[in-house]
Amino acid sequence: MHASLFKCFFFFSCKMEKILTDVEQYVVDFVLKTRKQKGLSQKNIAYILEVNPSFINDVENPTNRAKYNLNHINTLSDHWGISPREFLPRKAFPVLKNELSDS
């Protein structure tokens, strides 16, 4: 599932706009899945990352551009005893030119 936002104008015309790139959303989904598998709350993840719990809520909200950075991935990898590689897909997603300019 990819994060998308529907922008509706005058309730007639809706345009679907991606908020995160495919790889960014993959990382968010991996952390969310792992967090739930381990029975952790958003507050637990915020404590591990030393961030405000509202940041984790923003990251997991598909209408928000907030995302984990490399330091967050490294910290969670260390805490969970896994490789940072596990946060990424085995193969790269195709890159669209407009994704590069939006990030």
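Colleague: Before we start, what should I know about the numbering and the model?

Modeller: Residues are numbered from 1 along each chain as its sequence is written, and side-chain values use heavy atoms, with hydrogens and water left out. The model is predicted, so local features need pLDDT of at least 70 and side-chain atom pairs count only at pLDDT 80 or more, while totals for chains, interfaces and linings use all residues.

Colleague: Thanks! How many helices and strands are there, and how do you know what to call a helix?

Modeller: There are five helices and two strands, in the order β-β-α-α-α-α-α from the N terminus. Helices are DSSP runs of H or I with at least four residues, and strands are runs of E with at least two, numbered from the N terminus.

Colleague: Why is E60 called buried?

Modeller: Buried means under 20% relative accessible area, exposed means over 50%, and partly exposed is in between (1.4 Å probe, protein chains only). E60 has 18%, so E60 is buried. This residue lies in helix α3.

Colleague: What does E60 touch?

Modeller: Contact means heavy atoms within 4.5 Å. Not counting residues up to four places away in sequence, E60 touches V28, L32, R35, Q42 and Y68. The C-alpha atoms of E60 and D29 are 8.1 Å apart, though 31 residues separate the two along the chain.

Colleague: What makes a group of residues a nonpolar core?

Modeller: A nonpolar core is a set of buried Ala, Val, Leu, Ile, Met, Phe, Trp, Tyr and Cys residues joined through side-chain atoms within 4.5 Å. The largest one here has 18 residues, and V31, I45, Y68, L76 and F87 have the most contacts inside it. Two or more residues each come from α1 (22-37), α2 (42-49), α3 (53-60) and α4 (70-80). As for F87, the residues it touches include Y26, F30, I73 and W80, not counting residues up to four places away in sequence.

Colleague: How is the packing of α2 and α3 described?

Modeller: Two packed helices are described by the angle between their axes and the distance between the axes. For α2 and α3, the angle is about 115° and the axes are 8 Å apart. The contact is made by Q42, K43, I45, A46 and L49 of α2 and P53, I56, N57 and E60 of α3.

Definitions and conventions: Axes fitted to C-alpha atoms, helices over the stretch in contact; angles between N-to-C directions.
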